[in-house]
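Take a look at the chain below.

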Amino acid sequence: MTHEDQNLSVPYGTPEAPRLAVRGEAHLEADPELARIGITVNARGTDRRAALDDLTHRNTAVLDLVKTYGDAVDTLETGTFTLTPELTKHGRGERVRTYHGTVHLTAELNDFTALGELTTRLADLELTRVDGPWWSLRPTSPVHAAARQQAVREAVQRAREYAEALGTTLAALVELADIGAEGRTAQFDRAMVRTSAAFAGPADDTAPTLDLEPARQHIHAAVNARFTLHPPTL
């Protein structure tokens with residue numbers, strides 16, 4: 001091991017190789033790439049089989065509607081399914097008063113014009129609830145890489161400024177640690193739609209398209225960097 005290697009291996013600097021530690025951060029904003037909505041399909045009936053058949057029919061109608069939007073739909077997933085008997089509150093013994101069934105689905109869209117239309121059409125269906133949208137970037141979005149690269153450049157620039165203040169220059173990079181690059185998914189609560197058309201009267205065949213304004217995404221990245229300096233003259 002050379003003398004220089006020994007200097008780099010110790011956890012602190014030496015007069016021959018002073019060590020400098022800095023932090024670099026980046027904060028970027030970008031338009032969202034995806035919008036996620038939650039869909040809850042409900043059915044209710046006094047007969048278990050009839051409630052299940054009705055729930056199956058409504059669920060199929062929702063799936064068929066979402067699939068008509070083709071490539072605008074990034075993902076469509078079924079979550080939980082429940083069929084729950086509700087008992088009478090009064091009288092002797094336990095008797096089933098009605099059956100309540102639900103299916104929860106999640107859809108992610110990349111076309112926000114289609115999103116507004118689909119959200120309205122779903123909310124117009126009987127016993128169907130729509131929640132969202134929740135805006136986000138794709139995990140593979142280049143914005144994440146851009147934030148990480150900017151954080152590294154900020155760390156190097158900060159280190160050079162410290163070195164310049166000492167009248168010297170950077171010698172070598174000792175360590176670069178990623179302490180987290182987080183994309184905080186903003187939620188646009190004003191765009192949330194919750195409805196149950198069964199209690200709102202007859203469905204309107206010409207339901208207007210909901211105008212949704214995508215929420216800007218805030219991306220944060222940070223790194224810790226350690227350098228050695230050429231010995232300054234103090």
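**A walk through the fold**

Leu127 sits in the loop between helix 3 and strand 5. Helices (H or I, at least four residues) and strands (E, at least two) are DSSP runs, numbered from the N terminus. The phi of Leu127 is near 50°, a positive value in a residue other than glycine. Is Leu127 buried or exposed? Leu127 counts as buried because its relative accessibility is 18%; buried means under 20% relative accessible area, exposed over 50%, and partly exposed in between, with a 1.4 Å probe and protein chains only.

A word on the source. This is a predicted model, in which local features need pLDDT of at least 70 and side-chain atom pairs count only at pLDDT 80 or more, while totals for chains, interfaces and linings use all residues. Residues are numbered from 1 along each chain as its sequence is written, and side-chain values use heavy atoms, with hydrogens and water left out.

Now the whole chain. It has 4 helices and 7 strands. From the N terminus on, they run α-β-β-α-β-β-α-β-α-β-β. Of the 234 residues, 37% are buried. Contact means heavy atoms within 4.5 Å. Among contacts between residues at least 6 apart in sequence, 83% join residues at least 24 apart.

Two strands pair if DSSP finds at least two bridges between them.

Strand 2 and strand 5 pair in the antiparallel sense over 7 bridges. Arg36 stands opposite Trp134 in strand 5. Pro133 is also in strand 5. The peptide bond from Gly132 to Pro133 is cis, with omega near 0°. Ile37 touches Pro133 and Trp134, and its other contacts include Leu105, Leu115, Leu118 and Leu122, not counting residues up to four places away in sequence.

A nonpolar core is a set of buried Ala, Val, Leu, Ile, Met, Phe, Trp, Tyr and Cys residues joined through side-chain atoms within 4.5 Å. The largest has 27 residues, and those with the most contacts inside it are Ile37, Ile39, Val66, Leu115, Leu118 and Leu122. Strand 2 (34-45), helix 2 (48-67), strand 4 (96-109), helix 3 (112-123) and strand 5 (128-136) each supply at least two residues of this core. Helix 3 gives the most, with 6 residues. Apart from this core lies another, of 18 residues, among them Ala30, Val143, Ile219 and Phe227.

Helix 4 (residues 142-165) has 24 residues. It reaches 35 Å from its first C-alpha to its last, close to the 34 Å expected at 1.5 Å a residue; the expected span is 1.5 Å times one less than the number of residues. Which residues of helix 4 are buried? They are Val143, His144, Ala147, Ala151, Ala155, Ala159 and Ala163. An α-helix has 3.6 residues a turn, so residues three or four places apart point the same way. Just after helix 4, Gly167 takes a positive phi of about 75°.
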